[in-house]
Amino acid sequence: METSQEILPLNVCHVQKRLLIINRLHMFLHSTALCILFYYRLSFLFQNQETRTSTSHLLAWLLVFASETILSFIWILGQAYRWCPVSRTAFPERLPEDDKLPAVDVFICTTDPVKEPTVDVMNTVLSAMALDYPQEKLHVYLSDDGCSPLTLHGMRVAWNFARWWLPFCRRYRIKSRCPKAYFSGLKNDDDGDFARSSVYIEDKQKIKEKYEAFKEEIKTFREDGAFFRDSPGINVGDHQSVIEVIQENCNDDVDNVKMPLLVYVSREKRTSHPHHFKAGALNVLLRVSSVMSNAPYILVLDCDMFCNDPISARYAMCFHLDPKISSSLSFVQFPQRFHNISKNDIYDSQLRSLFTLQWQGMDGLKGPVMSGTCFYIKRKSLLGNCTIKGTELKQLRDYFGSSNELIKSLNQNYTSNFVSRQHISLEEAHLLASCKYEIGSKWGQEVGFLYGSVVEDFLTGFFLHCNGWTSVFCEPSNPQFLGTATTNLNDVLIQGSRWYSGLFENGINRFCPLIYGPSRMPLLQSLCFAELTYFPLYCFPLWCFAIIPQLCLLNGIPLYPKVSDPFFGMFLYIFLSALLKHLQEVFLTGGTLYKWINEQRIWMMKSITCHLYGCLDALLKKVGIREASFLPTNKVEDNEQTLLYQMDKYDFQASNIFIVPMLALLTINICCFIGGVLRVLLVGDWDKMFIQFFLAAYIITVNYPIIEGVVIRKDKGHISKLAAIHVILTTVIILAIFTLL
């Protein structure tokens, strides 16, 4: 019996054969149609000059052809995701005994106590401390790049509360171990077998009172104003390192409780030294933890992404301890899920396609992209290609910096005797957290999380795959992590602009996936990375398709075959093929028809705004006109914004830099559609202009909420009438001038 149990696999990989066949059949048919499209467009260029001039305007034709080429290019890259989709099942009950499990360090990063409320950050810390894992093998590190006394105070208060919270979770086998989620009733079945127990109900009430006192203490400290940026002795961008092991001695009636190591780290910052945003903070945690706990595996979390299920570490170990894949496995990526997503998710905040289709597709190749949070990574994989054993000390110092303790830790495993050598470790930790430590070393270049991009996760994951490491995507039925999604248009587009800038700059630097990748990883894997970097290029075809065909419609210039032309069916097929394939994928992942429409809508909105601004920002940084910057996403929940989101109403109280392009392009389409109808009534060539009519009508229909925001809505989320009038009038005047030329 024992022998049969020992040979049972820790995980199983399933190839989704039915989806694979559908995907490959669609690839063949759609690519055939694209070849016919290219034949149609190229044949136009070889017509004689007279025919070309009378048929269409050459510049407009070339712009549309260029747009179709870019769309086809991105589509081809994206098919790599669909080549071999897989799913995985893990069996944590088959893991060895607790004393044989490896240790885990947890890294949590926060920056701004205003945009990232301290109570929410501490809830994430508490959920990590309460993981169902041997407590002596669990170590939680919080990086505070804001160097906020409020965050440090919150850590101390959280430690005190954890001495009550952790035993309660273990005693009653609580599943949702984030206090905020537990007491807000996000999971109705968390009381389990103890729902009718009077002792449980009494303990629950007692813990709830402790939690309310915990929140009140942080609130009181916050109201004192001691944490604000203008407080004496605090400068967010210029301060010494602050490192504290949280281990308050409390005189209360709590029995001795096994507690994980909890460490607060605020690295040194100086205005004269670059700090490299989140990647720099993670590298400091990587070094500091090496001389404290040195666990072989690391869980990385955003400060708003709490542990929803306590067994995520055991799920991850089902892969990291699998002898068939562990030697080359770098990280196990879990999907990001959010507790505040509405049924139809009008902003696509859950990134449905990314975490339900693309990552599964990459998992069938060499593994998904590192996604910034919710992943368990092997420490060894972040140490670069340097061979530790047999290398001279000088060479190691050139690679890892001057710390002998850090270099010594490279050959050591998990450190369990931190308490006995705490003074030495803290002293060394301050050296490792100094802003000058990395000078002359390979940190951020070949070691740790890589610098040079605001999307350090993408670049680091790409580099790891280039070095021969693999990854896996683990998606248990119960979400292992839950976060707070952005629920207003302004934050969605600001966040998107930052992401797409970082992604596109990786497509135009020396790590371009199409150049750097193919010789270092499978071609299909390179195409997946390339699709992510060039995804922002959607901005060009969408701007073009929202303007050029409509202006040509107004002036009677056909850009597409007439209805009776055999090539008309080819254009119709490509359009329907793309839409129906998207619809099939939405339904496959539990979405609705309305969700499909919303994804089409937000894709258009993002393409003409944050895709464009992301590309421009990356290009400006490339030529040295602009420096890299990072703004944390606002995590403070606004009740009115949340209500609008839950009602599926767009919050148009966004910056004009986002609203103006939407209004201008929609005005162009409405005016050109009306002008085209009048022209057809007079001239009668509707069959030549049908596709251009349909394109304008489709854009107007999909973007109806913008019309609603200007004309109908009176709530807080409507579009400012004054701004709308200015944009509409200006656009109409420009259109009138254009038609008169």
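## Nonpolar surface patch

Helix 2, residues 17-45, is the main contributor to the nonpolar patch, giving three residues. The model is predicted. Leu 25, Phe 28, Leu 29 and Tyr 573 make up this surface patch. Its area is about 390 Å².

Phe 28 sits in helix 2. Its relative accessible area is 54%. Phe 28 therefore counts as exposed, since the cut-off for that class is over 50%.

## Largest cavity

The structure has three cavities of 30 Å³ or more. The largest has a volume of about 90 Å³.

Three helices each supply at least two residues of its lining: helix 2, helix 11 (352-363) and helix 20 (566-588). Helix 11 gives the largest share, three residues. The lining includes Leu 19, Asn 23, Tyr 81, Arg 82, Pro 85, Lys 581 and Glu 585. Also among the lining residues are Gln 16, Leu 357, Gln 358 and Gln 360. By class, the lining of the largest cavity has four nonpolar, four polar and three charged residues.

## Second largest cavity

The second largest cavity has a volume of about 70 Å³. Its lining includes Ser 381, Leu 382, Gly 384, Glu 446, Gly 448 and Leu 450. Thr 460, Phe 463, Leu 464, Asn 467 and Trp 469 also line this cavity. Five of the lining residues are nonpolar, five are polar and one is charged.

How values were computed
Residues are numbered from 1 along each chain as its sequence is written. This is a predicted model: local features need pLDDT of at least 70, side-chain atom pairs count only at pLDDT 80 or more; totals for chains, interfaces and linings use all residues. Side-chain values use heavy atoms; hydrogens and water are left out. Patches are made of residues with over 30% relative accessible area and no salt bridge: like charges are joined within 9 Å, nonpolar side chains (Val, Leu, Ile, Met, Phe, Trp, Tyr) within 5 Å. Accessible areas come from the Shrake-Rupley method with a 1.4 Å probe; for residues, only the protein chains shown count as cover. A salt bridge is a side-chain nitrogen of Lys or Arg within 4 Å of a carboxyl oxygen of Asp or Glu. Helices (H or I, at least four residues) and strands (E, at least two) are DSSP runs, numbered from the N terminus. Buried means under 20% relative accessible area, exposed over 50%, partly exposed in between (1.4 Å probe, protein chains only). On a 1 Å grid over the protein atoms alone, a cavity is a set of points where a 1.4 Å probe fits but cannot get out, and a pocket is an open set with protein on both sides within 12 Å along at least five of seven lines; lining residues have an atom within 4 Å of a point. Grid points are joined across faces, edges and corners, and a volume is the space filled by probe spheres set on the points. Ala, Val, Leu, Ile, Met, Phe, Trp, Tyr, Cys and Pro count as nonpolar, Asp, Glu, Lys and Arg as charged, and the others, Gly among them, as polar.
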